[in-house]
Amino acid sequence: MHPLETRRPATAEGPLPALDVIPAQLDAIPAQHPKREPATAPAPSASGLRGRLARAARLLPSPTSTPFAFGYAVLLLATSIYTEYGDPDTVDTLLQASSTDVAHLSTTPVLAIFGSALWIAGGIDSPYAVVFIFVLAALERRIGGRRTAGVFLLGHVVATLATEVPVALSVLAGHLPESSLHRLDYGISFGLMATVGALSGLLAPLFRWTTLAVVGALLLEDLLDMAEPLAAWGHPVALLVGVACWPAVRRVRNAGAAG
């Protein structure tokens with residue numbers, strides 16, 4: 001704001017009066033009520049700000065309340081940092097060994113399934129990583145770490161098989177080249193979609209259907225773009241796997257509330 005300036009009254013008679021006369025003239029001016037500044041909202045108190053920060057922090061994974069989500073997030077952070085700053089040749093070798101393509105699923109299925117879930121496609125700053133942190137922790141708070149891991153793994157496995165088995169059959173039928181058996185495929189997105197689907201079943205109806213509508217619209221856009229065909233089809237499959245888990249996760253949630 002600019003500082004207030006005191007203006008001297010202009011007169012039509014000529015020069016301004018002497019300085020010793022000005023106070024007397026000012027006394028003769030009727031007093032006016034000072035203007036009131038518009039009311040402003042009070043600044044948030046330090047305690048209120050701390051309370052909001054504490055509530056926001058409770059949404060994040062913690063080693064005590066959500067050990068599975070916290071440990072998995074730390075592991076993904078470590079692999080993402082190594083992907084960014086590690087030796088490129090070693091990183092490429094590890095990613096190739098962790099790929100859930102047909103070649104690896106037919107020879108080392110367990111290593112491919114679990115290894116592919118140790119990496120984030122796009123890095124730690126991808127949208128999947130941000131959503132993962134909150135969604136996995138939210139589901140674990142409601143049904144526990146083991147069951148959350150089960151939902152994640154179920155979606156990861158089912159969606160992977162649903163996308164890779166057709167590739168194998170298409171190669172056998174001669175519709176795809178043999179190089180399709182060795183494509184690079186890894187990441188957490190299938191398991192994350194299953195987790196989102198399962199968690200939506202525990203939300204209030206408005207939030208449940210809003211979540212499914214928004215996620216469904218994003219997946220439909222991916223299907224229309226077809227930038228990554230296998231992922232585009234695998235994501236809705238994984239989401240439906242999570243929706244199919246509604247009866248189980250609701251029983252667990254209700255049993256915990258009753259206990």
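Is Glu164 buried or exposed? I looked this up first: Glu164 counts as buried, at 2% relative accessibility. Here buried means under 20% relative accessible area, exposed over 50%, and partly exposed in between (1.4 Å probe, protein chains only).

**Ground rules.** I am working with a predicted model, where local features need pLDDT of at least 70, side-chain atom pairs count only at pLDDT 80 or more, and totals for chains, interfaces and linings use all residues. Residues are numbered from 1 along each chain as its sequence is written, and side-chain values use heavy atoms, with hydrogens and water left out.

**Overall fold.** I went through the secondary structure and found 12 helices and 0 strands. Helices (H or I, at least four residues) and strands (E, at least two) are DSSP runs, numbered from the N terminus. Of the chain's 259 residues, 32% count as buried.

**Salt bridges.** I searched the whole structure and got 2 salt bridges. The criterion is a side-chain nitrogen of Lys or Arg within 4 Å of a carboxyl oxygen of Asp or Glu. Arg183 pairs with Glu164, with the closest N and O atoms 3.4 Å apart. Arg183 sits in the loop between H8 and H9 and Glu164 in helix H8, so this pair ties together parts that are 19 residues apart in sequence. Arg183 also meets Asp185 in a salt bridge, at 3.5 Å from N to O. Through shared partners, Glu164, Arg183 and Asp185 are joined into one network. I checked the cover too: Asp185 counts as buried at 15% relative accessibility, while Arg183 is partly exposed at 23% relative accessible area.

**Largest pocket.** Next I turned to the largest pocket, which holds about 950 Å³ of space. A pocket, on a 1 Å grid over the protein atoms alone, is an open set of points where a 1.4 Å probe fits, with protein on both sides within 12 Å along at least five of seven lines; lining residues have an atom within 4 Å of a point. Of its 37 lining residues, Tyr128, Ser189, Met193, Asp222 and His235 are the closest to the centre. H7, H8, H9, H10 and H11 each supply at least two lining residues, and H9 gives the largest share, with 7. I sorted the lining into 22 nonpolar, 10 polar and 5 charged residues.

**Surface patch.** Last, I noted a nonpolar surface patch of Leu59, Leu60, Val130 and Phe134, with about 340 Å² of accessible area together. Patch residues have over 30% relative accessible area and no salt bridge, and nonpolar side chains are joined within 5 Å. Val130 lies in helix H7 (residues 127-143) and is partly exposed at 43%.

Notes. Patch = residues over 30% accessible without salt bridge, like charges linked within 9 Å, V, L, I, M, F, W, Y side chains within 5 Å. Areas by Shrake-Rupley, 256 points an atom, 1.4 Å probe, with all protein chains shown as cover. Points joined across faces, edges and corners; volume = space filled by probe spheres on them. Nonpolar A, V, L, I, M, F, W, Y, C, P; charged D, E, K, R; others polar.
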